[in-house]
Amino acid sequence: MLTQAATAATLCRMRPWPTKTLALGGDYNPEQWPRSVWDEDVELMRRAGIAFATVGVFSWSWLEPAEGDYEFEWLDTVLDLLHASGIAVDLATATATPPPWLSSAYPEILPVDHDGHTLWPGSRQTWCPTSERYRERALALTAQLAQRYHEHPALALWHVSNEYACHNVPCYCDRCGRHFRTWLQRRYGALDALNDAWGTAFWSQRYTAWDQVLAPRRSTTLANPTHVLDYRRFSSDALLDFYLAERAVLSEHSPDVPVTTNFMTLSHFRHLDYHAWAPVQDVVSTDHYIVGTLAHPRAELAYSGDLTRGLAGGGPWMLMEHSTSAVNWQPTNHAKWPGQTIRDALSHVARGADTIGWFQWRQSRAGSEKFHSAVVPHAGPDSARFREVEQLGRIAARLGELVGSRVESRVALLHDYQSVWAASGPSMPSGELDPLLAAGTIHRLLHDRGVTCDVVHPSADLTAYDLVVVPQLYLVTDEHAAAVAAAAEDGAQVLVTFFSGISDEHDHVRLGGYPGAFRELLGVRVEEFFPLGPAQEVALGAGTGTWWSEHVELAGAAVVESYAAGPLAGRPAITRREVGAGAAWYLSTLADDERLGRVLDDVLAAAGVAPAVPGLPRGVEATRRRSDEGSWLFLLNHTESPQTVAAAGYDLVADAFVGGTVRLDPGGAAVLREG
Ligand code: GAL
């Protein structure tokens, strides 16, 4: 695997991506259309200011209609056309979905579900991560593409597969079971070590030979949690290995072209440990779609952006896909409001994206995504939606000056996929508690206050942060727990929530009172959990707590708030302890927004962290990007009324100076070059 330093060194020799403009673009699937449409496509792309096109994501059956028979002429024409219009190509390896001939000839490539049933062709991503045959055919196609297009002047980026793990992980086939055993042998060496790590003394699960260890298919009742956790780790690693194999082929035949694969940092997608994947991307890219069924969809978008930036080491990243309007996979697929196509794109730029892509360029007339919006809708370019993209194209041209700048943040919020996996069970104190609930809530309340967080892995360097939030970090290593404590010693405010520091990397509970890893830092000792159901709440001195409560004993901390009713009445609910030059705060319940908001205000004041602009109206998002050349203030009005914010500068959206007060239209946005 490449180290971060090796990747950076390789990058120096690479063709540049992102380019020095705020690049707009997206998935372009010309094989869905007759040749006569392609000329209109590039003409419209020019009109809309499109700078890049992702080509070939689901084109395998068009590139290799029979085993070893390659047909590239149509792709040659597409790349030539795009190049002639100055549009850079993000060329896919086309390996996300096998063509029907491949699964017919080699049915062993098909994935198997939790119940042991084969998942059949007819949709997409119908392949098993450990299939040697699938890998062989995928690498053969990748090599063909890399050899043929390496010298093509349109080629700017390689796009490996697509959204790895979307639909086909975990696979529970026997072959994955075998690969899992090899992975376990590497991890544990001896079977005794595995027995210890998995706690197989419980329920007579002791293994006496490696071939007794299986993929954790559906059993009679609760599965062994460490077995399940290790399978999730293995499944992420198996696909990472696949990615690295494709990447190696690209490096061999197309050495100086950057490589990416599009992540899905949406908070409901949790199949891959992107912290292991990010160091082997030359450009970190992600897809994001607004999920209308969430209580706070805009806050989720912001979280995803901050997480992606964390994965990109704080630098710029690429939004590979989002939608101009409705998607087609939610219960009701809401169209975006007028202006929202622009505002949503700018929301990602506000959080560090330097490239903005959509799925897809032209709305399909057939197939599973024919009702998914696109840049060119069914109605054609004579439409409000297309005109809005054209308007964004003009704004993006002006925003080119901020490309490469970094988002300002003095707050770190810790996110660890492995902890999320472990906290997802099976057999947790509450099966209804989302492992990202506290993270999402605290992030949202900070975002409402105009305070930006870097969402980072616990191994990140925490020394530059004034506030470190540790939300439901259920599984934590000694090393990461020590780094959190050191941050407090060095002067940071550290805010830890319930259900953090409970278990070690094998998901063994840390004994002596919860939260074992943070007990000393926080000066509390939790004797027992009192989880609350979704409709339950517990009274606090002021406000209420939801989802969770605990029997907290003080061991050096001072009480900030107490439980006021129920079995915990009179006991501490929120505490604070002075630590070195900083302090450690503990939330044993999820207080309501108002009560929690007041705690956050106190924590922010103690940390000396101010919002991006003072007096931010409710529903207006504010972030700042900065570089040696200057700073840019993003203001996004997510409300249906006009809003005013005290700020000054040159508004790159309106293309006009603003002195003193910015007036934002309902759903409007401003990006001010300050100073
Ligand atoms: C993404 C995928 C695209 C398209 C899009 C629809 O997950 O990469 O191919 O399906 O979703 O929202």
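Two housekeeping notes. This is a predicted model, where local features need pLDDT of at least 70 and side-chain atom pairs count only at pLDDT 80 or more, while totals for chains, interfaces and linings use all residues. Residues are numbered from 1 along each chain as its sequence is written, and side-chain values use heavy atoms, with hydrogens and water left out.

## Into the core

Now select L82, W158 and F518. Of the 172 residues in the largest nonpolar core, these touch the most other members. A nonpolar core here is a set of buried Ala, Val, Leu, Ile, Met, Phe, Trp, Tyr and Cys residues joined through side-chain atoms within 4.5 Å. Buried means under 20% relative accessible area, exposed over 50%, and partly exposed in between, with a 1.4 Å probe and protein chains only.

Which helix gives the largest share of this core? That is helix 9 (residues 225-253), with seven residues. Helices (H or I, at least four residues) and strands (E, at least two) are DSSP runs, numbered from the N terminus.

Zoom in on F518. Leaving out neighbours within four places in sequence, F518 is in contact (heavy atoms within 4.5 Å) with V470, L473, V476, A481, V484, V496, S500 and G501. There is also a second, separate core of 21 residues, with C171, L194, W198 and V213 among them.

Show helix 7 (residues 174-188) next to helix 9. Their axes come within 10 Å and cross at roughly 100°. The axes are lines fitted to C-alpha atoms, for helices over the stretch in contact, and the angles run from 0 to 180 degrees between N-to-C directions. Helix 7 and helix 9 therefore count as roughly perpendicular. The angle classes are: under 35 degrees roughly parallel, over 145 roughly antiparallel, 65 to 115 roughly perpendicular, and the rest oblique.

To see the contact, pick C176, G177, H179, F180, W183, L184, R187 and Y188 on helix 7, plus H227, D230, Y231, R233, F234 and D237 on helix 9. By class, the residues of this contact are seven nonpolar, three polar and four charged. Ala, Val, Leu, Ile, Met, Phe, Trp, Tyr, Cys and Pro count as nonpolar, Asp, Glu, Lys and Arg as charged, and the others, Gly among them, as polar.

Stay on helix 9 and click S236. Is S236 buried or exposed? S236 is buried, with a relative accessible area of 1%. Neighbours within four places in sequence aside, S236 is in contact with H271, L272, D273, W277 and W421. Draw a C-alpha to C-alpha distance from S236 to A276 and you get 8.9 Å, across 40 residues in sequence.

## Two arginines on one helix

Next up is helix 6 (residues 132-149), where you will find R148 and also R137. R137 counts as buried at 9% relative accessibility, whereas R148 counts as partly exposed at 39%.

Not counting residues up to four places away in sequence, R137 touches W60, E64, E67, G68, Y70, W101 and L102. R148 and D76 are 9.2 Å apart, C-alpha to C-alpha, and 72 residues apart in sequence.

Select helix 2 (residues 35-48) and helix 13 (residues 384-399): they pack at about 55°, with axes 8 Å apart. That makes helix 2 oblique to helix 13. L44, R47 and A48 in helix 2 meet F386, V389, E390 and G393 in helix 13.

Most residues other than glycine have a negative phi, and most peptide bonds are trans. Here are some exceptions to click on.

- G425 and P426 are joined by a cis peptide bond, omega about 15°; P426 sits in the loop between helix 14 (417-423) and helix 15 (437-448).
- Y514 and P515 are joined by a cis peptide bond, omega about -20°; P515 is in the loop between strand 14 (493-497) and helix 17 (519-522).
- Q125, not a glycine, has a positive phi of about 50°, and counts as buried at 3% relative accessibility.
- D655, not a glycine, has a positive phi of about 60°, and counts as partly exposed at 40%.
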